[in-house]
Amino acid sequence: MASSFSILLAAVTLVALLAVGSCGTDFTVHVEKGSCPTKLSLVTNVEVSEVEIREKGSNDFLECKGSGTKWTLQSKEPLKGPFAVRLTLKNGGYRVDDAAIPEEWKADSVYKTKIQV
């Protein structure tokens, strides 16, 4: 028969594992002032290694220039939202949200993605 201590230890361990497994930061993207139809200037709430944007109707992601939390995508043609966001984490893993920035995005707005980091 298991002792009370063993049961208590198992319960505490289970709670700790569930707490760690559910801890995550919501990844947000701030479209900065100065962004326009041909330029997206983004600030992320978490440092990442790479940010890529996919326009509506495209199969290809476009690489943003920058590092850490500041990223920019410049285009000769107007960009078409909604935009998918793919980011590469510092540990090498990546995450994607297929509708992170809406079609009717606005400069100086923050968008919460479905990505947990």
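Student: Which pattern does the protein follow when read along the sequence?

Tutor: In this predicted model, the protein holds one helix and eight strands. Read along the sequence, these elements follow the pattern α-β-β-β-β-β-β-β-β.

Student: Of the contacts between residues at least 6 apart in sequence, what percentage join residues at least 24 apart?

Tutor: The count takes in contacts in the protein whose partners are at least 6 apart in sequence. Among these contacts, the share that joins residues at least 24 apart is 54%.

Student: Is I53 buried or exposed?

Tutor: I53 lies in strand β3, which spans residues 50–54. Leaving aside neighbours within four places in sequence, I53 is in contact with several residues, including L42, F61, L73 and V85. The relative accessible area of I53 is 0%, and because buried means under 20%, I53 counts as buried.

Student: Which residues touch the most other members of the largest nonpolar core?

Tutor: The largest nonpolar core has 21 residues, and β1, β2, β3, β5, β6, β7 and β8 each supply at least two residues of this core. The members that touch the most others in the core are L40, L42 and I101.

Terms used
Residues numbered from 1 in each chain as written. Predicted model: local features only at pLDDT ≥ 70, side-chain atom pairs only at ≥ 80, totals over all residues. Heavy atoms only, no water. Helix = DSSP H or I, 4+ residues; strand = E, 2+ residues; numbered from the N terminus. Buried < 20%, exposed > 50% of the residue type's maximum accessible area, 1.4 Å probe, protein only. Contact = heavy atoms within 4.5 Å. Core = buried A, V, L, I, M, F, W, Y, C linked by side-chain atoms within 4.5 Å.
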